[in-house]
Amino acid sequence: LLINGSPHEKGSTFTALSEVAGQLENDGIETTLFHIGDKPIKACIGCGGCFESGYCVFKADRVNECIDLAKQTDGLVVGSPVYFAGPNGALCSFLDRMFFAKGDKYAYKPAAAIVCLRRGGASAAFDRLNKYFTISNMPIVSSQYWNAVHGRTAEEVKQDLEGMQIMRTLGRNMAWLLKCIDAAKG
């Protein structure tokens, strides 16, 4: 499952995630790209309603749909644009609700974060996204460098040859780990 945390469905984040997905598919791994959308996403209010049902009490956006997909998937990649030295705020609200009281459902599933930016803020955004995984006992999949691409538009991201190579390496590393886990299950 690859989550596009950008309000722009086919922008730079989509371009980077598509590169990862292409490599995963080349390695025989089925992928699903999930866009969080461009509508407002409510923040988690810590009500605890999800402790009983396993779902967020707010139903006006796609969080609960994504929870179902994440439960069924073997691995997760989350991509975000970097606007102000951090992940997209809507994505953080989305992930707060997706992971609150449900992290155990994702335990031991490999995960990776990718960030898309013009210049700075990559490390802070990357760190914030990875915390969702570490708190949920999810192994972090790495690449040959930080999982970032540079460019404001999809076309600029495609010109970031090193960034695109990093995305392909991430896809290969994720595929390798997923296959190792599958082989261990026998």
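Here is a short chat about helix H7 and strand S4.

User: What kind of model is this, and how are residues numbered?
Analyst: It's a predicted model: local features need pLDDT of at least 70, side-chain atom pairs count only at pLDDT 80 or more, and totals for chains, interfaces and linings use all residues. Residues are numbered from 1 along each chain as its sequence is written, and side-chain values use heavy atoms, with hydrogens and water left out.

User: What makes S4 largely enclosed by the rest of the structure?
Analyst: Buried means under 20% relative accessible area with a 1.4 Å probe, protein chains only. Seven of the seven residues of S4 (a DSSP run of E, at least two residues) are buried, so the strand is largely enclosed. Ala 111, Ala 113, Val 115 and Leu 117 point one way, while Ala 112, Ile 114 and Cys 116 point the other.

User: Why are S3 and S4 called paired?
Analyst: Pairing takes at least two DSSP bridges between two strands. S3 and S4 run parallel and have six, so they pair. Pro 81 stands opposite Cys 116.

User: What about S4 and S5?
Analyst: Three bridges join them, again in parallel, and Val 149 in S5 is the bridge partner of Cys 116.

Definitions and conventions
Helix = DSSP H or I, 4+ residues; strand = E, 2+ residues; numbered from the N terminus. Expected span 1.5 Å × (residues − 1). Buried < 20%, exposed > 50% of the residue type's maximum accessible area, 1.4 Å probe, protein only.
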